[in-house]
Amino acid sequence: MDKILIQGGLALSGEVKISGAKNAALPILAATLLSPEPHRLKNIPKLGDITTLKRLLEKIGAGILEADDFCMIQVKNIENNEAPYSWVKTMRATILVLGPLLARCGEAHVSLPGGCAIGARPIQLHLMGLEKMGAEIKIEHGIIHAKAAKLKGAPIYLETPTVTGTETLVMAASLAEGTTIIENAACEPEITDLANFLNHCGAQIIGAGTDHIVINGVPALLGASYEIMPDRIEAGTFMVAAAITKGDLTLKQCCPGDMVSIIEKLRATGSEIKVEKDTLRVIGKEIHAVDLKTLPYPGLPTDMQAQFMALMSVSDGASVITETIFESRFNHCAELRRMGAQIKVEGNHAMIKGVPALSGAPIMASDLRASASLILAGLVAQGETEIRRIYHLDRGYEAIEQKLTDVGASIQRVKGSA
Ligand code: EPU
C-alpha cells in the first residue's frame, strides 16, 4: 500500500486546474447503458472509482476506447445484466447500473450494497421508486433481482432527497412508458449534469436541479457528445488548501455557480475569495472560527465537512460542526486529534477548539473525504505527516500530489510501503 509524506508549513500559491466531477461522471457512465449508440465523453477524471465502473460496464457489454482527452463508449448489446458482489463491494456507486439495466433489458441482478465507513447508506428509496414504475423486486442472498417487461411512468415521492436514488430513477424513467414525476428529488448539480447528458441523448427531462423533476419517457435514446461538469468538491478542497496554508490559489475550470455555500462559508472564516466565470481565487488570511452544518444542496455539502474540520482545527476560536447527512462521518476526528487538534464529538456534533498549530504525525485515512482533510492538516502541520491507506484518496482526487506539488507543497507518495 502506498503512503503519502507531507512536510507542512508551506503557503501554497499558483494555479490549479480542476478535474471533471467524479459524482457526475459515475452516473453519466452508467447512463450510457441506456442506449446502443456511441457516446463521446470529455473531462472524465482519472480516478479509482471511475476505472472500477468502466471495468464493470465492459463486463456488461460496453466497448470503451480511451483517447487523451476523451473517451468513446458504446453498449451495442447488454451481454450480462449482473453486477455481482465482487464489484459492488469495491464501490457502492456500482448500484447506478441497476436502473439503466432494468430499463434497457427488462431485468437486472445487482448485489445489494452494504454500509460503509460513513454510514449505513440504505437504498430502499431507489427500489421503492423502481417498484412504483412497475418493477418486480426481490432480494435474495444479498442480490437485488429486478424485473419489468416495460417500466411505466409514475408519480414518486422521495422521503429523503437521495442523490444516487434520484439519478437511478431519472435514468430508468427516461425509457419508461409515460410520465414520471419525482417529488422531493435531490437537487445536486451532478443530477442536472446527468439530466443534461440524457437530454442530449434525446431524453425529455424537465426540472433537474429542483426538487420536482418531470421525465417524459421516450422509446429509445441516441448517442451524445458531452463534457462532464467540473468537480465542486475537488475545487472546494483546494480552496480550503489555500485558506489553511494562508496561500493564494487560483482554481481554473471550476464552476463557482455550483459552489455558493462553500464560497460563503469560507469567506466567513476570513479568506478573501474572488469569483469569475469559471475561475476562483482564494487568498488565505486569518482563520476565524465559524459553526457549520451539512445539508442537501444548495446547503453545505457533507463531502466538504471533513475539510472544513481541518480548517477549524487551526482557527482562532471555538466552532461546532453538525453533520446531518451521514451518521458516522467523523472518522477523521481521531486522526486530527493525533496531530494536536482539539475536537470533541457528541452525536452528530463536533466541537472544535482551534489551536495555534498542528504537529505532523503518522495517521491513517478512513474514507475519501477524511483522506482529504488529513492532507490539508498535513499541509499546515509542523514537521512531517505520514498518511497511510491513501487508496481512499485515489478513488476521488485526480493527481492530487502533482497538483499540490505544482503550487508549492512538499508532498510525496511512497510506493508499496507496509
Ligand atoms: N438515504 C435513505 N434511503 C435511501 C437512500 C438514501 O435513507 O434509499 C439517506 C442516506 O442514508 C443519507 C441521505 O439519504 O442519509 C443522503 O444519501 P444519498 O443517497 O444522497 O447519498 P448517495 O447517493 O449514496 C452521493 C454521493 C456521496 C455524497 C452523497 C450526499 C455519489 C456517487 N455519491 O451518495 O459522495 O456524500 O451523495 O451528497 O454521488 C463522496 O464523493 O465522497 C461521497 C460519499
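Helices (H or I, at least four residues) and strands (E, at least two) are DSSP runs, numbered from the N terminus. The structure shown here is a predicted model, in which local features need pLDDT of at least 70 and side-chain atom pairs count only at pLDDT 80 or more, while totals for chains, interfaces and linings use all residues. Residues are numbered from 1 along each chain as its sequence is written, and side-chain values use heavy atoms, with hydrogens and water left out.

The chain is divided into domain 1 (3-18 + 230-414) and domain 2 (22-227), with bounds that come from an automatic or database domain assignment. Their C-alpha centres lie 30 Å apart. Across the boundary, 21 residues of domain 1 are in contact with 21 residues of domain 2, where contact means heavy atoms within 4.5 Å. The area buried between the two domains is about 1,600 Å², and carbon and sulfur atoms give 46% of this area. Buried area is the accessible area (1.4 Å probe) that two parts lose on being put together, summed over both. On the side of domain 1, Tyr297, Arg395 and Glu398 lose the most area to domain 2, together 35% of what that side buries.

Tyr297 also takes part in a cis peptide bond with Pro298, with omega at about 10 degrees. Pro298 is found in the loop between β18 (292-293) and α10 (305-313). Another backbone feature concerns Arg389, which has a positive phi of about 60 degrees although it is not a glycine. Arg389 is placed in the loop between β23 (384-388) and α13 (391-394).

The ligand may now be considered. It is surrounded by 22 residues, of which the closest are Thr162, Val163, Thr164, Asp303 and Ile325; a residue counts as near a molecule if one of its heavy atoms lies within 4 Å of it. This shell draws at least three residues from each of domain 1 and domain 2. Helices α1 (22-31), α5 (124-132), α6 (163-174) and α12 (368-380) each supply at least two residues of the shell, and α5 gives the most, with three. By type, the shell divides into ten nonpolar, seven polar and five charged residues. Here Ala, Val, Leu, Ile, Met, Phe, Trp, Tyr, Cys and Pro count as nonpolar, Asp, Glu, Lys and Arg as charged, and the others, Gly among them, as polar.

Individual atoms complete the picture. A polar side-chain atom of Thr162 lies 2.7 Å from an oxygen atom of the ligand, and a side-chain N or O atom of Asp303 is 2.6 Å from a ligand oxygen atom.

Terms used. Polar contact = N/O pair within 3.5 Å; in protein donor to acceptor, adjacent residues only side chain to side chain.
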